[in-house]
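Here is a friendly walk through one protein model, written for someone who likes to keep the structure open while reading. Please have the sequence and the 3D view at hand.

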Amino acid sequence: MPHSQTSAPRGRVRLARGASPWLLPTVATAALSLARARRSGAAKAVAVPATALAAGMLWFFRDPEREIATGRVISPADGVVQSIMPWKDGRTRVAIFMSPLNVHVNRAPMAGTVTSVEHVPGGFVPAFNKESENNERVVWHFDTELGDIEMIQIAGAVARRIVPYIPQGTKVEQGDRIGLIRFGSRVDLYLPEGVEIAVEVGQKTVAGVTRIDRD
């Protein structure tokens with residue numbers, strides 16, 4: 001069972017789980033071209049863009065340690081609040097847009113038990129588009145002190161793979177890493193009726209740090 005990561009050293013950065021299929025061939029190409037650059041003009045021409053791409057990949061897949069905030073509900077994603085909408089069933093949906101420059105690892109918004117993790121096939125339109133609600137996505141449900149909390153990881157035009165870290169039945173602490181959206185996209189969080197939202201549209205969020213609800 002995962003445990004809270006509040007005791008991890010602040011400022012420490014590791015690479016996200018699930019990044020290997022992208023990182024390994026990119027880094028290998030950069031290393032090989034650099035090794036051959038002195039003897040080959042073609043390798044030298046490849047070395048610069050390959051090294052830049054590898055550095056970019058390392059940045060994209062960073063996974064910094066964080067001191068998890070206190071509060072009932074914390075942000076599951078780094079990004080910007082795209083919309084706050086009342087839902088038909090009384091819940092409120094907070095949509096967080098993740099750009100390719102954000103950390104891609106998502107975290108549990110509350111402590112509880114994962115009651116379901118469902119992959120739903122779909123399209124890959126840009127995450128800021130309304131039609132992105134029909135994109136490839138993973139739907140999470142958590143049994144928490146507030147009852148059922150639904151969270152949806154949505155793929156975008158660039159993000160073509162969502163990587164859940166934990167299965168149904170797992171008990172999580174608030175702020176535990178639960179999955180990765182490669183190259184950003186969107187995370188929707190549905191909060192029960194009566195929960196007052198503390199964030200506003202356009203506000204930046206930090207996974208595990210920004211509080212979503214208000215006392």
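Let's start at Thr-92, which is found in strand 4, residues 92-98 (helices, H or I, of at least four residues and strands, E, of at least two are DSSP runs numbered from the N terminus). This is a predicted model, in which local features need pLDDT of at least 70 and side-chain atom pairs count only at pLDDT 80 or more, while totals for chains, interfaces and linings use all residues. Residues are numbered from 1 along each chain as its sequence is written, and side-chain values use heavy atoms, with hydrogens and water left out.

**The protein as a whole**
- The protein has two helices and 15 strands.
- Of its 215 residues, 48% are buried (buried means under 20% relative accessible area, exposed over 50%, and partly exposed in between, with a 1.4 Å probe and protein chains only).
- Among contacts between residues at least 6 apart in sequence, 71% join residues at least 24 apart (a contact means heavy atoms within 4.5 Å).
- The accessible surface is about 10,500 Å², and 57% of it belongs to carbon and sulfur atoms (areas come from the Shrake-Rupley method with a 1.4 Å probe; for residues, only the protein chains shown count as cover).

**Thr-92 and Ile-197**
- Thr-92 counts as buried because its relative accessibility is 16%.
- Leaving aside neighbours within four places in sequence, Thr-92 is in contact with residues including Ile-84, Met-85, Leu-191 and Ile-197.
- Ile-197 is found in strand 13, residues 196-197, and counts as buried at 17% relative accessibility.
- Beyond four places in sequence, the contacts of Ile-197 are Ile-84, Thr-92, Val-94, Leu-191, Ile-212 and Arg-214.
- Ile-197 and Ile-212 are 15 residues apart in sequence, with their C-alpha atoms 5.9 Å apart in space.

**The nonpolar cores**
- The largest nonpolar core has 34 residues, and Trp-140, Phe-142, Ile-178 and Leu-191 touch the most other members (a nonpolar core is a set of buried Ala, Val, Leu, Ile, Met, Phe, Trp, Tyr and Cys residues joined through side-chain atoms within 4.5 Å).
- Among the elements that give two or more residues to this core are strand 4, strand 7 (137-144), strand 8 (147-154), strand 11 (177-181) and strand 12 (185-191).
- Apart from this core lies another, of five residues, among them Val-120, Val-139, Ile-154 and Tyr-190.
- Not counting residues up to four places away in sequence, Trp-140 touches residues including Val-114, Val-117, Ile-149, Met-151 and Ile-178.
- In soluble globular proteins, nonpolar side chains tend to be buried together.

- An open sheet of eight strands has the order 10-6-7-8-12-4-3-14, with antiparallel pairing (two strands pair if DSSP finds at least two bridges between them).
- Its edge strands, strand 10 (171-172) and strand 14 (204-205), each pair on one side only.
- Strand 6 (residues 112-120) and strand 7 run antiparallel and are joined by seven bridges; Val-117 has Trp-140 as its bridge partner in strand 7.
- Strand 12 is mostly covered, with seven of its seven residues buried.
- Strand 12 pairs with strand 4 over seven antiparallel bridges, and Asp-188 in strand 12 is the bridge partner of Ala-95.
- Strand 12 also pairs with strand 8 in the antiparallel sense, over five bridges, and here Gln-153 stands opposite Val-187.

**Salt bridges**
- The structure holds eleven salt bridges (a salt bridge is a side-chain nitrogen of Lys or Arg within 4 Å of a carboxyl oxygen of Asp or Glu).
- In one of them, the side chains of Glu-65 and Arg-177 meet at 3.1 Å, N to O.
- This pair links distant parts of the chain, 112 residues apart: Glu-65 is in the loop between strand 2 and strand 3, and Arg-177 is in strand 11.
- Both Glu-65 and Arg-177 are buried, with Glu-65 at a relative accessible area of 8%.
- Arg-72 forms a salt bridge with Asp-213, with the closest N and O atoms 2.8 Å apart.
- Arg-72 lies in the loop between strand 2 and strand 3 and Asp-213 in strand 15 (residues 213-214), so the pair ties together parts 141 residues apart in sequence.
- Arg-72 is partly exposed, at 29% relative accessible area, whereas Asp-213 counts as buried at 1%.
- Arg-211 also meets Asp-213 in a salt bridge (2.8 Å, N to O), and Arg-211 is partly exposed at 24%.
- Salt bridges that share partners join Arg-72, Arg-211, Asp-213 and Asp-215 into one network.
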